[in-house]
Amino acid sequence: MACARIAAQMSTKTSASAPAAPRALIGELARVVPHFNISGALASSQLYGHGHIHDTFLATYDHAGSVTRYIHQRINRNVFKNPPVLMENIDRVTRHLRAKLESGVAEGPLSAAEISRRTLTIIPTHDGAPFHLDPSGDYWRTYIFIEKSSTFDTPISPAMAFEAARAFGHFQTLLSDLPAPPLHETIPRFHDTPSRFRALTAAIANDAAKRAGAVRDEIAFALRREPLTHELIDGLASGELPLRVTHNDTKLNNVLFDENSGVGICVIDLDTVMPGSALYDFGDLVRSAGNPAGEDEMNLDKVNVSLPIFEALANGYIEATSASIAPAERRLLARSAQIISFEIGLRFLTDHLDGDIYFKIHHPGHNLDRARVMFRLVQSMERHQAEMQAIVDRAG
Ligand code: ADP
Ligand code: GN1
Ligand code: MG
C-alpha cells in the first residue's frame, strides 16, 4: 500500500479551511453547546469544512488547562425532514461499528483512543439524547473531532483514491450484518435516478427562478440521456442487484485520512446511511474523486475522468468488498459512475432552476457551474466507457 507516498504529499491538502463564522451564528452556537455533555469551557469556534449541507463548527474547549476539540453541527432541516430518526440511524450505525472495532474483527486490536479515530462518536446531551433541539426548532449534534486527520476535495494521487475506496468498501462490509430493523430512509428516493429526472422536468416546467431560458443547452443534454436513469433502479427492482446498507454520499471529503500514514481511517457524514446499492456508493465516489479537477472547476476542458484514479478506486473498492460483491454489481461498476455523475448533475441543474434552495452555494450560478462539471464528466466517461470496463474486468 502506497500510504507513505500519500503522507508525504499531505502538505498539499486543500480542505477544511476556516471561514470566519458570522457573529450571530457563533452566538447561537454558544447558547447551544452547554446542553452537550462536554467538560470545560468553550474557548473558540469556527465554521469548518467544505460540506454542502449542514452548518459545521470546530470548537475548542479548555478544561483545567487541557484542550479538547469537538465538531458541532446544526442539521439542515430543509434537507432532513426528521432529524430524530436520522440520529437514531447514526446512533445504531456508530454503535455497530464501535462494537466491531472493540472486538478486533474490524481492524485487529486497537486502543480505545484509536477506536475513537475510526468511527464517529456522538457526544450526547446531559439528558442522554443524541441531539439538542433549540427554541427555534433547529437540531444540533456533537461529535468527537478526529485529530490528526485531513479531508480532501480531490485526490492527490491514485494511492489516496485507493484508500478512499477501500474505506467506503470496508464501511459497507462492516455494516453488512447490522441487525434488523432496516435503517430509516432519511431522504426518500435519494438515489432514485428516474425520480431525480422527473424533478428536473418539473423544475423546467415551473421555472421558479426564471432561469430555464438561459440554460437550454444543459437542459437538452440532460433530456437526451433519460434512458441512462433506469439501469440501477431496474436492477434493484428485479432483484438482480442486492439491496444493502450503503453510505449513499461517498464524496472524497467524507473520508478522513490519517495525517501521518495517509490511511483512510474514518468514514463520516452518515446522514444518508440507509438501504441502497453498492453501485450508488461506487458510482458517487468515482463522480467525486475520479475527476481530478474537482466539482468547482470553471475551465471545463480540465474536467475528465482520470483512468489511473478510476483504476485505483476500482481496486480499492473491489478489495474491500471481495467477500460479498455480486457479479451483477461488478459488471455495472463502470456504468454506475456514469449514471451517478449524471444523477448529481441533474440535481445541481434542478437546484439552479429552483433558485438554489437545496445545496449551499458560494457564488451566483454555483449550482449551474457544478452541473456543467458533472455533465462534462459524463461525456468524458461516455468516451472512456470501454477502457473503464476493461479496468474493472481485470481489477482485484
Ligand atoms: P456535510 O453534510 O455538510 O457535508 P459533514 O458531516 O461531511 O457535513 O462535515 C463537513 C466537514 O467537516 C467534513 O468534510 C470534514 O472535513 C469535517 N468533519 C466532520 N466531522 C468531523 C469529525 N468528527 N472529525 C474531523 N472532521 C470532521
Ligand atoms: C452533498 O453533504 P455533502 O456535501 O457531503 C449531498 C450529496 C451530493 C453532494 C454533491 C445529503 O454532499 O448527495 O452528491 O453534496 N448530500 C445530500 O457535492 O444531499
Ligand atoms: Mg460531507
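I began with strand β8 (residues 255-258) and strand β9 (residues 264-267), which pair in the antiparallel sense over 3 bridges; strands count as paired if DSSP finds at least two bridges between them. I looked up V255 and found that its bridge partner in β9 is V267. In the hairpin of these strands, with 5 residues between them, I noted that G262 takes a positive phi near 80°.

I keep in mind that this is a predicted model, in which local features need pLDDT of at least 70 and side-chain atom pairs count only at pLDDT 80 or more, while totals for chains, interfaces and linings use all residues. Residues are numbered from 1 along each chain as its sequence is written, chains are lettered from A and ligands numbered from 1 in the order in which they are written, and side-chain values use heavy atoms, with hydrogens and water left out.

I then turned to the whole chain, where I found 14 helices and 10 strands (DSSP runs, H or I of at least four residues for helices and E of at least two for strands, numbered from the N terminus).

I looked up the extent of the C-alpha trace, which spans about 60 × 50 × 45 Å along its principal axes. The radius of gyration (over C-alpha atoms) is 21 Å, which agrees with the value near 21 Å for a compact globule of 396 residues, the rule being 2.2 Å times the number of residues to the power 0.38.
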